[in-house]
Number of protein chains: 2
Amino acid sequence: MRTSLCDRFGIELPIFGFTPSEHVAAAISRAGGMGVLGCVRFNDAAELDAVLDWMDEHTDGKPYGVDVVMPAKIPAEGNQADLGKLVPEGHRAFVERVLADLGVPPLDDGGAGRDGVLGWLHSVARSQVDVALKHPIKLIANALGSPPADVIAQAHAAGVPVAALAGKAEHAARHVDNGVDIVVAQGYEAGGHTGEIASMVLVPEIVDAVGERAPVLAAGGIGSGRQAAAALALGASGVWMGSFWLATEEYLQTMTGSGAIQRALVAASSSDTVRSRIYTGKPARLLRTRWTEAWAAPDAPEPLPMPLQNLLVSPAHNRMHAVHDPSLVSMPVGQIVGRMDRVRGVAEVIAELVGGYEEALSRLDKTR
Amino acid sequence: MRTSLCDRFGIELPIFGFTPSEHVAAAISRAGGMGVLGCVRFNDAAELDAVLDWMDEHTDGKPYGVDVVMPAKIPAEGNQADLGKLVPEGHRAFVERVLADLGVPPLDDGGAGRDGVLGWLHSVARSQVDVALKHPIKLIANALGSPPADVIAQAHAAGVPVAALAGKAEHAARHVDNGVDIVVAQGYEAGGHTGEIASMVLVPEIVDAVGERAPVLAAGGIGSGRQAAAALALGASGVWMGSFWLATEEYLQTMTGSGAIQRALVAASSSDTVRSRIYTGKPARLLRTRWTEAWAAPDAPEPLPMPLQNLLVSPAHNRMHAVHDPSLVSMPVGQIVGRMDRVRGVAEVIAELVGGYEEALSRLDKTR
């Protein structure tokens, strides 16, 4: 499973693994792929810096990248408290009522814990880019389209290529016009922020739109070698996987908790996701839970725009996290969740993928 | 592009082409695939019989099949007039107001023209099966799950295998338990009745669920050789294409009109579809038009259950058809519509598909 991206990035396999976990990202890189660490969880650039130090020590000199979230349309700026004032009281009351209905108590410390995510503010994302470029990163990806021109220029000046996610061919073309080097074609079935066009249609459309100018990674629905073979048959030069790492042993090393998330993911079928604005304010695919169902009820308010919606729901996520109930986790995940049938090691995931890829090609050989 | 289905059906290519047009179906079979004629448009079995006589004369002895629509949950039975009484006045008034807003006049003959579709009534579909089995058909497909057990037995007694569409792995397993011989895995991106799981995830799930007992055809998003290669990489034994034939020369021979539909399809991008209940009462993917937008407005009523919704909207479809306006056609179509960039002959579609398939396999060879 070798493509032009292997030589370009000095990787053995064109498998790009997006993950918020440094343990997963490092393991992907060590296994021959390209681990891409999601930065959006780091509101504090110093915290990111320390984690990237850890990455530098645990990747055996193999390439890795980072992923920031810079929306093309700049969201409201401000600190946690100022932005919090923009959240309507009715929304807060709805959240409180739902949590009460679901039997989720307040936290012992009165509601502290992890803050809402501010990583999609340009100010925060820029500080992440500044910090990341002090490390030997080999890729900066933006999970929401083209980064601003000066950020692309900053990366290029440091010799770091830029990738951007696209859910439509016209967006992909715009990204490349803006200087983006690699396009991640993110299909409908993907976890997190996603559009409406499914990978089978989207990947060749984006390859045709930009393929001569930029390699395309296929994202959405990929968790096996058969799917990687399908992605490359569609014209992609590699795959971008995110959801599948959530059910790995390495992910559990980063994210403290009872494993309720993994129990929920392993139990879920491909039908158990919803595409909804309730996590960030933009459409994102999430695991279907009693929490997402409450937001789908007729009495639920419209989700707020980014970044307010996540500020609203983050304390609720913390409270649900504390009850260790698989039916109440809050987790972006793609339809591939149906294939996540147990917790594996990252190296095992990649070995299975490579083996399945070879089998798929052998099957195709027999059709000639 | 040969699989076990080629020997089993005596076809050169594992390309199954579903179409309401006998001209398209015959051309697919003549070109080496399996033309599958959709019967739902024939309210009168005698009309179907005559068309199958035509098929017998124009397929050069090559295999062809038919497709009926028998919902697993039997819809209300009755004739056009009796069922019409079940349509609420408020729904009729909404349709009249929308057509007036869209500038669509009544028909000169006062509203006659094609009746609403009754082919999804079991009584009508059974009469279609009876007629079809008098012809040398090689496949009966059901577009909505397993046909009733006695219909499967009737087909098997005549030596005709039965195919059924499935949008979930559990449905596919149930179909095979019921005696279905071939499963069509219909992904979210497909036109017409479709579920929520995209092909990239659905096809391998269904192959894993039933592949040892029944071959699987991939449906949804397929219009090129790259996509056919992806489908076979995912484990499918062939492809099932429907939408792509709508923009063929042969389709225009069956469906009289000004070509407004083809102009609309050729102009549409992959973003220009909606999944809605407004065509049949069950979720189906349609071309997005001013008509579908009117039904998506906040003041639109909930669509009626099958078969009432199509009885309600069929006269409106006739009226829109008469104005020859590409922005007002009513047409089920999949996301692959974005690739339908001109009207082609059926043989050209198939030749391009085979060529693209070989190219995709050659590209994959280079990844070893």
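In what follows, Ala, Val, Leu, Ile, Met, Phe, Trp, Tyr, Cys and Pro count as nonpolar, Asp, Glu, Lys and Arg as charged, and the others, Gly among them, as polar. The structure is a predicted model, and it holds two cavities of 30 Å³ or more.

The largest cavity is lined by residues of chain B, namely I278(B), Y279(B), L286(B), L287(B), W291(B), T292(B), H317(B), V329(B), S330(B) and M331(B). The elements that give two or more residues to this lining are β11 (284-287) and α13 (290-296) of chain B. Around the second largest cavity, by contrast, stand residues of chain A and chain B, with L361(A), L364(A), D365(A) and R368(A) joined by L361(B), L364(B), D365(B) and R368(B); here α15 (346-365) of chain A and α15 (346-365) of chain B each supply at least two lining residues.

| Cavity | Volume | Lining by class |
|---|---|---|
| Largest cavity | about 40 Å³ | seven nonpolar, three polar, no charged |
| Second largest cavity | about 30 Å³ | four nonpolar, no polar, four charged |

Chain A is assigned domain 1 (4-75 + 118-249 + 338-365) and domain 2 (80-117 + 262-328), and the contact between them takes 27 residues from domain 1 of chain A and 22 residues from domain 2 of chain A. Their C-alpha centres lie 26 Å apart. Between the two domains an area of about 1900 Å² is buried, of which carbon and sulfur atoms give 61%, and L118(A), W120(A) and H193(A) supply 30% of the area that domain 1 of chain A buries against domain 2 of chain A. One salt bridge is counted between these domains. In chain A, the side chains of E196(A) and R275(A) meet in a salt bridge (3.8 Å, N to O).

Technical notes. Residues are numbered from 1 along each chain as its sequence is written. Chains are lettered from A and ligands numbered from 1 in the order in which they are written. This is a predicted model: local features need pLDDT of at least 70, side-chain atom pairs count only at pLDDT 80 or more; totals for chains, interfaces and linings use all residues. Side-chain values use heavy atoms; hydrogens and water are left out. On a 1 Å grid over the protein atoms alone, a cavity is a set of points where a 1.4 Å probe fits but cannot get out, and a pocket is an open set with protein on both sides within 12 Å along at least five of seven lines; lining residues have an atom within 4 Å of a point. Grid points are joined across faces, edges and corners, and a volume is the space filled by probe spheres set on the points. Helices (H or I, at least four residues) and strands (E, at least two) are DSSP runs, numbered from the N terminus. Domain bounds come from an automatic or database domain assignment. Contact means heavy atoms within 4.5 Å. Buried area is the accessible area (1.4 Å probe) that two parts lose on being put together, summed over both. A salt bridge is a side-chain nitrogen of Lys or Arg within 4 Å of a carboxyl oxygen of Asp or Glu.
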